[in-house]
Amino acid sequence: MTSIEMTISGMSCEHCVKAVTQAIRSRDPAAEVVIDLASGRLRATTTLPRDQVQAAVEEEGYGVAG
């Protein structure tokens, strides 16, 4: 498992946090996902590579800044 951090744009509420968390966990059910809504920072401990985490976020309609 690796820890991946990125900034997500476009999240405005807890529903957004839940959608992103579920999108990542649909690809890796054991993933630990922590999102700070105020800063837009995501930290995921997962077996997925970074590009798959980013793809999951983007498929939910959010941008990834870094």
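This report covers the sheet, the helices, the nonpolar core and the salt bridges of a predicted model.

## Basis

The model is predicted: local features need pLDDT of at least 70, side-chain atom pairs count only at pLDDT 80 or more, and totals for chains, interfaces and linings use all residues. Residues are numbered from 1 along each chain as its sequence is written, and side-chain values use heavy atoms, with hydrogens and water left out.

## Sheet

The 4 strands form an open sheet in the order 2-3-1-4, with antiparallel pairing. Strands here are DSSP E runs of at least two residues, helices are H or I runs of at least four, and both are numbered from the N terminus. Two strands count as paired if DSSP finds at least two bridges between them. Strand 2 and strand 4 (63-64) stand at the edges. Each has a single partner strand, so one side of each lacks a neighbour in the sheet.

Strand 1 and strand 3 run antiparallel and are joined by 6 bridges. Met6 has Leu42 of strand 3 as its bridge partner. Strand 2 and strand 3 also pair in the antiparallel sense, over 5 bridges. Here Ile35 stands opposite Leu42 in strand 3. The hairpin of strand 2 and strand 3 has 4 residues between the strands. In that hairpin, Gly40 takes a positive phi near 75°.

## Faces of strand 2

Val33 and Ile35 form the covered one. Glu32, Val34 and Asp36 form the uncovered one.

Glu32 lies in strand 2. Leaving aside neighbours within four places in sequence, Glu32 is in contact (heavy atoms within 4.5 Å) with Arg25, Arg43, Ala44 and Thr45. Glu32 and Arg43 are 11 residues apart along the chain, and their C-alpha atoms are separated by 8.2 Å.

Helix 1 has 14 residues, and at 1.5 Å a residue it should span 20 Å. The expected span is 1.5 Å times one less than the number of residues. The end C-alpha atoms of helix 1 are 20 Å apart, which agrees.

The buried residues of helix 1 are Cys16, Val17, Ala19, Val20, Thr21, Ala23 and Ile24. Buried means under 20% relative accessible area, exposed over 50%, and partly exposed in between (1.4 Å probe, protein chains only). These buried residues pack against strand 1, strand 2, strand 3 and helix 2. One of them, Thr21, has a relative accessible area of 12%. Leaving aside neighbours within four places in sequence, Thr21 is in contact with Val33 and Ile35.

## Nonpolar core

The largest nonpolar core has 19 residues. Such a core is a set of buried Ala, Val, Leu, Ile, Met, Phe, Trp, Tyr and Cys residues joined through side-chain atoms within 4.5 Å. Val20, Ile24, Leu42 and Val57 have the most contacts inside it. The elements giving two or more residues are strand 1 (2-9), helix 1 (14-27), strand 2 (32-36), strand 3 (41-46) and helix 2 (50-59). Helix 1 gives the most, with 5 residues.

Ile24 touches Ala31, Val33, Leu42, Leu48, Val53, Ala56 and Val57, not counting residues up to four places away in sequence.

## Salt bridges

The structure holds 2 salt bridges. The criterion is a side-chain nitrogen of Lys or Arg within 4 Å of a carboxyl oxygen of Asp or Glu. The side chains of Glu5 and Arg41 form one of them, at 3.3 Å, N to O. This pair links distant parts of the chain, with Glu5 in strand 1 and Arg41 in strand 3, 36 residues apart. Glu5 is partly exposed at 42% relative accessible area, and Arg41 is partly exposed at 30%.

Glu59 forms a salt bridge with Arg27, and the closest N and O atoms are 2.8 Å apart. Glu59 is in helix 2 and Arg27 in helix 1, 32 residues apart. Glu59 is exposed, with a relative accessible area of 60%. Arg27 is partly exposed, at 32%.
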